[in-house]
Amino acid sequence: MARLIENVEIERLCIIDDDESARASYVEEFYDSVFTPVSQGKVKDVEQFLRKSSDTFDAVISDHQLKKKNYFPINGAQVVSMCFDRHIPSVLVTKYDQAQMSEIRRFRSKIPVILNPSQFAEDTIIRSLEICIKELKGEFRSDRKLWRTLIRIDSIEGNHIYIIVPSWDSKGAISIAKEELPAEIRSIIEVDKRMHVQINIGCENINDLYFGSWEIK
Amino acid sequence: MAIALQTLEAQIRFSTQIIKRLGEELNPSIDQSILELVKNSYDANASNCIVELDSITEIGGSIKIKDDGDGMDSDNIINGWLVLGESSKKANIKTRLGRIPSGSKGLGRLAALRMGTVAKLQSYPKDETGTYYELIIDWNKYDNAKLVEDVSLPVKKFKSTTDKYVQGTCISIENLRNKIGDREVTRIARGLILLSDPFDDDPYSFRPRLISEEFKEMEQLVARRYFDDADYHLVANVDKNGMAYASINDYKGNVLFQAKHSDLSKKRKGNIYECPPVTFDLWTFLLNEITFSTRPTSVGEVRAWLKEFGGVHLYENGLRVSPYGNPGNDWLDMNLSRAKSPEERPSTNTSIGAVRIKDSGSLLSQKTDRSGFIENDVFHEIKSFCKDALDWMARRRLEVAEKKRSAERQRSKDESSGTKESLENEIKLLSASRKSKVQKAFVKYENARKNEIKALKSEIQLYRTLSTAGITAATFSHESRGNSIKAITVSLKTIDKRIKEHIRLKYDELFKRPIDIISNSLDSLAVLGNATLSLLQREKRRPIKVSIHKIIETSIEILLPFFDGRDIKVNTDLTNGNPFVRASEAAIESIVTNLLNNSIVALEDTTIDRQIFIKTIVEESVLSIIVSDNGPGIKGINIRDIWLPGETTNQNGTGLGLTIVRDAVLDLGGKVSANANGAFGGAEFIIEIPILGI
């Protein structure tokens, strides 16, 4: 069986999770569904794995933490963003904390949907894939659209900078790992500096916020 | 195909405005502009270059830059010096003296020349003895003309009036448009001194000079060279194959540590540094009176020297590239690393260094406005090498510090037993009656001291155990939340769905309750993990404006499943407004969470309707947080002792919760008090904190 989502036929879902039981539970969830789940084993070379994708799967469902157990050489957020570059619809399913949020945000422009494992069900996966395919076609929801936005650097502490985005939340500072910044911006940041950045200010949750290009004056 | 009726020749032409814009907008400062002209002298093989400033404190002054280089003939002037925008950087073609040209696009030169209304060039070519060429640029003519090409610039040839052999170039910038202040002169002096690596020992290197008092003072300062007073000297380099090596020497030059490529490149898993050969020297100083007490130099002198020249300067093919190492420029993030881990890390105020790059392949390229290199991959590789070397040095220095600390502990122990022995010997010398009394007093003191040490040791052990428990709990929380809980949650949903599909009629009767129980238990389990991880969030340790009511509400929310599971009702009565302090969220959270935990434990022994009450009151900029319960109250312990570490009536308790509350409140400038039986019968804790506003 297969499902036509936004004119794209999706049947085989590649399930990526470093925990075998978690993978098995996702596969079970799809038993008797329109999809055929494919439990993915250990991967050493992600490029090669994705090159062969069309032979084995049509879409990807991936957890974020993949490196810890040496299951994948990179984490799920990066895998999903690489899938996006190759036009493979994909959904990140993970429960992440603040430290991971910073890592995920770096790839957020190419991760249309992040689901909590408790939301994992056939209908939510269908809706998520629909959103993803639309973004692959260049159709963005209002909360994912980037706008040129003025920001101010509130403080710099260790490897993080804290910025205020007045048009999104004039009081709360948003933490960004320095390595998330483009190299040319990293060298000019200073407290109270203002600059323009592309941000999806239509989103409501801080975890959904992401940054596009940074402008140098 | 259409045939053209007429063909007219056309070129792109430039308005004279472009001269103004290019020269003035692309160059950052006066000192940088002058340095551009001085770099031209370096490229022209000059040994000496003198910068003279005349009447610059007023508008209309002049600047003269004179060198003894190869000079220029009319061809060099017309097809080289006057051509703007073309980089003369052909790094593989060295100059007559073997220098790699610094490469100027001419825009810096333009900015310098336009500082006055007239620029005058006189050049004595090396190969045309007895003649010189002159060019005068009157910028007013450009201001009045429409196009750049409308102004002609005659290059005149003259017979030299002197019999002496003269070669070189002299540029005068006359009738300055702006004054040049003391601070700018200091910057020019500093820029000239640092331009040609004064830390290198080469006596024949290019040494530009400024005729001014500021320069003399600075030259004397740089000449003092306090390198021998450095406590550590890091010497690191990358060879032509990208392999890195490093050593740390002490002030006598003895090698303390050595690193191979594999030691330095751990972060990059041993991969080579993809950059041209680089050497990195860093001298770091322990700037304290004790270290300098036995040296001929005073700590103040070294501090003043480092203030002027400290930081890590970057030299490309022998010439300094600004702004690296300028005051306030911390391109290797040394100050950030020190702030993050202060022990044994140098800052730009306690160290001086030079990164020397030999780039004959033009792999690095400076930005057009001369504000450093374009940050391409090669530049990042160089930066990464320097940072790796600094990290390695920090690790080795920490190792030394650890050894010192361990020796210090042993020494204190030895000293203590030595002191005890000498005291006992002194007691022996006393008269019999005095001896007995003093001995008794001493034994008493000794026992009290032992008890104190014992208590401190046990407190330290407790903190260590709790830290270990915290770290382990965080790891388990991550793991269980990420895997086990996830797999159970998804599988439970699948079972629920299938039962509903296949045995719908019996679902409510047979399956709904146990499925709900597992689902609720999963929620509680997840909360356990979330609560632990939430306490450890790095963001929470950052001092910010903290809303106390918000922290109270989120702390209750996090612990809600515990309250529900224990049948405890939490009542809040928070004052109007939003009282706030400047603190870390972690500090306020630890106060609230520990007090709530205290009540949870106290209520374990009760069978009544368990309740916790949280009330806040603001009086004259002081916020009182009153946490009370309807439990048994404080029993079996003196109320003053409840705040002491390790004091608890709970057999499995740590006795640290209330100590943490007390310490956190004291840090915020507040105070704590308690009632054994408060308004609701159980214990009542009153926290008073000065607030910034409401």
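A residue is taken as buried if 20 or more other C-beta atoms lie within 10 Å of its own. By this criterion, 32% of the 217 residues of chain A count as buried in the predicted model. Chain A contains seven helices and 12 strands. Among its contacts between residues at least 6 apart in sequence, 62% join residues at least 24 apart.

Chain A is in contact with chain B through 22 residues of chain A and 20 residues of chain B. On the side of chain B, the elements that give two or more residues to this contact are helix H11 (334-340) and helix H13 (432-502). Of the elements of chain B, H13(B) gives the most, with 10 residues. By class, the side of chain B that touches chain A comprises five nonpolar, seven polar and eight charged residues.

Within chain B, the packing of two further helices was examined. The axes of helix H16 (residues 585-603) and helix H17 (residues 657-667) of chain B come within 9 Å and cross at roughly 150 degrees. Because angles over 145 degrees count as roughly antiparallel, H16(B) is roughly antiparallel to H17(B). The crossing of H16(B) with H17(B) is left-handed. H16(B) contributes B:Ala587, B:Ser590, B:Ile591, B:Asn594, B:Leu595, B:Asn597 and B:Asn598 to the contact, and these meet B:Gly657, B:Leu658, B:Ile660, B:Val661, B:Ala664, B:Val665 and B:Asp667 in H17(B). The residues of this contact between H16(B) and H17(B) divide into eight nonpolar, five polar and one charged.

Terms used. Residues are numbered from 1 along each chain as its sequence is written. Chains are lettered from A and ligands numbered from 1 in the order in which they are written. This is a predicted model: local features need pLDDT of at least 70, side-chain atom pairs count only at pLDDT 80 or more; totals for chains, interfaces and linings use all residues. Axes are lines fitted to C-alpha atoms, for helices over the stretch in contact, and angles run from 0 to 180 degrees between N-to-C directions. Helices (H or I, at least four residues) and strands (E, at least two) are DSSP runs, numbered from the N terminus. Angles under 35 degrees count as roughly parallel, over 145 as roughly antiparallel, 65 to 115 as roughly perpendicular and the rest as oblique. A crossing is left-handed if the near helix is turned anticlockwise from the far one by less than a right angle, and right-handed if clockwise. Two residues are in contact if their C-beta atoms, placed from the backbone, lie within 7 Å. Ala, Val, Leu, Ile, Met, Phe, Trp, Tyr, Cys and Pro count as nonpolar, Asp, Glu, Lys and Arg as charged, and the others, Gly among them, as polar. A residue is buried if 20 or more other C-beta atoms lie within 10 Å of its own, exposed if 12 or fewer, and partly exposed in between; C-beta atoms are placed from the backbone.
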